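Here is a quick tour for anyone meeting this protein for the first time. Have a look at the sequence and the 3D view, then read on.

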Amino acid sequence: MENAVDALKIAFAVFVFIIALTVTFSMIAKLKSTAEYVLYYTDRTNFYSRLNTTEKNRTVSVNSVIAMLYRYYNETVSVTVDLTNVGKGIRTFDVSNNTSIDKNAIEKDLENYIEENLQDLKCDFLEEFVDAPISGIYETGIDGTEVVLSSGGKKVYIKYIAQKI
């Protein structure tokens, strides 16, 4: 009989421990959620909108364009180089548009493009930068504020337009 009483005491202790552990993890999850909410709304940069910005696009050199082209597949951005003002065509570099998954083939194609079109080019580029949502549900209010109903991914689209020499 004493063994049965001791077994019930141990079972009760394990039950209390499990409840305490569950409450602890629940509180930690709520604390993390609250902290993320507070930190999001105290950071002013979260409310900057680059999609409908009134800022002027910046002018960059050929070196900046080449540097961004070497980073496009690592950072999953879409880079469009428009050389129609200097007598060449338009080319878009985007990982999602690439049929080749071979990184060496992508790099070789990129090097060929840079050598043939950008290496000896002596002009500046107008950079247009757009950070657009590609998934999720967003509602825009009458005053222009955006409310996130279901968060989703965003993609950066950068377009470089060659200025006439």
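## A word on burial

A residue is called buried when its relative accessible area is under 20%, exposed when that area is over 50%, and partly exposed in between, using a 1.4 Å probe and protein chains only. Across the protein, 21% of the 165 residues count as buried.

## What kind of model this is

This is a predicted model, where local features need pLDDT of at least 70 and side-chain atom pairs count only at pLDDT 80 or more, while totals for chains, interfaces and linings use all residues. Numbering starts from 1 along each chain as its sequence is written, and side-chain values use heavy atoms, with hydrogens and water left out.

The pLDDT score is the predictor's confidence in each residue, on a scale from 0 to 100. Its mean over the protein is 84, and 88% of the residues reach 70 or more. Helix H1 (residues 2–42) has the highest confidence, at a mean of 93, whereas strand S6 (residues 146–150) has the lowest, at 77.

## The overall layout

Helices (H or I, at least four residues) and strands (E, at least two) are DSSP runs, numbered from the N terminus. The protein has three helices and seven strands, and along the sequence they follow the pattern α-β-α-β-β-α-β-β-β-β.

Contact here means heavy atoms within 4.5 Å. Looking at contacts with a separation of 6 or more, 63% are between residues 24 or more positions apart.

## The sheet and its helices

Two strands count as paired if DSSP finds at least two bridges between them. Five strands make an open sheet in the order S1-S4-S7-S2-S3, with mixed pairing. Strand S1 (58–60) and strand S3 (90–93) are at the edges with a single partner strand each, so one side of each has no neighbour in the sheet. On average, neighbouring strands are turned by 25° against each other, direction ignored. S1 and strand S4 (residues 125–133) run antiparallel and are joined by three bridges; here Arg-58 stands opposite Glu-127 in S4.

H2 packs on this sheet and touches S1, S2, S3, S4 and S7, with its direction at about 145° to that of S2. H3 lies across S2, S3 and S4, at about 150° to S3. For these angles, axes are lines fitted to C-alpha atoms (for helices, over the stretch in contact), and angles run from 0 to 180 degrees between N-to-C directions.

## The nonpolar core

A nonpolar core is a set of buried Ala, Val, Leu, Ile, Met, Phe, Trp, Tyr and Cys residues joined through side-chain atoms within 4.5 Å. The largest one has 25 residues, and Leu-69, Val-81, Leu-118 and Phe-125 touch the most other members. Helix H2 (62–75), S2, helix H3 (103–118) and strand S7 (154–162) each supply at least two of its residues. H2 gives the most, with seven. Leaving aside residues up to four places away in sequence, the contacts of Leu-69 include Val-79, Phe-93 and Ile-114.

## Two residues up close

Back to Thr-80, which is in strand S2 (residues 78–82). Beyond residues up to four places away in sequence, Thr-80 touches Ile-90, Arg-91, Thr-92, Ile-158, Lys-159 and Tyr-160.

Where is Asn-85? Asn-85 lies in the loop between S2 and S3, and Asn-85 counts as partly exposed because its relative accessibility is 36%. With residues up to four places away in sequence not counted, Asn-85 touches Ile-161, Ala-162 and Lys-164. Asn-85 and Ile-161 are 76 residues apart in sequence but 8.0 Å apart in space, C-alpha to C-alpha.
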